[in-house]
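Q: Please show me how to read a few features of a model, one at a time.

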Amino acid sequence: MTQEDQSEQTNKNKPFFSIKNVHSYYGESYIVQDVSFDVEEGKILALLGRNGAGKTSTLRSIARTDDPVVTAGEIWLDGQALHNMKTHEAALGGVQLVPEDRRIIQGLTVEENLFLAQVAPGHGWSAEEVYEHFPRLGERRKQDGTTLSGGEQQMLALARALSRDVKLLLLDEPYEGLAPVIVQEIEKILREIKKLGITTIIVEQNAVAALKLADHAVILDTGEVAFSGTAKEVLENEQLRHEYLAI
Ligand SMILES: Nc1ncnc2c1ncn2[C@@H]1O[C@H](COP(=O)(O)OP(=O)(O)O)[C@@H](O)[C@H]1O
Ligand SMILES: [Mg+2]
């Protein structure tokens, strides 16, 4: 076997995404504590746990934001060592974080927000493809992004991530603060994204909604993995739901 064959062999055995024994800090505060899990290509993982459990911090560690600082561990995506990258490098490598606050740029219309996302090389959906999946955004393409409703801003934040080269989509509480009918609309879009086979990690307080969508689930408790298994196992385990999810 040549060296090339060997490395290909190793890659084949590696999960598409994996976070291995990661530890992260905000200054002196030790938050993400030895977190490990994998996500297979095309699957959705629900990352759950009580408020303050470390879900956002884990997503930020994966996206390689400056804060929290990852001090140990490895993060791999499709053979790329994310743990050695800065946030813009991880983004170019296909990590797209849709943050909780959505970060729509003021003074830019819907279409300008989308064009800006496509500046990076190897972009994903065109504006026309976005409007096919999100007709509301098409109707409002000339409107300033910050004048959209909360639900429409969430759609724009999602559309912006999909306009880039996305290998791993990180969604931080996409349903937060949205009316039930809008949640249903976003759920429908997330089901479409699932059909397209985009590997996704979803963090959500609405655990039942996230579990209905997800294949696997990880529950965090004070920065540590308290459970790792299938979404179905969590839905069927009353004790887990009660102890960590208050459902
Ligand atoms: N910028 C920060 N500086 C210091 N501590 C933080 C910061 N952001 C979050 N934390 C703390 O880290 C812990 C985990 O927070 P977070 O990852 O936001 O939890 P979750 O998303 O699960 O609600 C909490 O105790 C929170 O107070
Ligand atoms: Mg959070």
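A: Begin with Val 110, which is placed in helix α4, residues 110-117. Helices (H or I, at least four residues) and strands (E, at least two) are DSSP runs, numbered from the N terminus. The model is predicted: local features need pLDDT of at least 70 and side-chain atom pairs pLDDT 80 or more, while totals for chains, interfaces and linings use all residues. Residues are numbered from 1 along each chain as its sequence is written, with chains lettered from A and ligands numbered from 1 in the order in which they are written.

Q: Is Val 110 buried or exposed?

A: A residue is buried if 20 or more other C-beta atoms, placed from the backbone, lie within 10 Å of its own, exposed if 12 or fewer, and partly exposed in between. Val 110 is buried, because 30 other C-beta atoms lie within 10 Å.

Q: Which residues is Val 110 in contact with, leaving aside its neighbours within four places in sequence?

A: Contact means that C-beta atoms, placed from the backbone, lie within 7 Å. With those neighbours left aside, Val 110 is in contact with Leu 137, Arg 140, Arg 141, Gln 143, Gly 145 and Leu 156.

Q: What is the order of strands in the open sheet?

A: Strands pair if DSSP finds at least two bridges between them. The open sheet has 4 strands in the order β2-β1-β4-β5, with antiparallel pairing. β2 (29-39) and β5 (80-81) are the edges: each has a single partner strand, so one side of each lacks a neighbour in the sheet. Strand β4 (residues 69-77) is joined to β5 by 2 bridges, and Leu 77 stands opposite Gln 80 in β5.

Technical notes: Contact = placed C-beta atoms within 7 Å.
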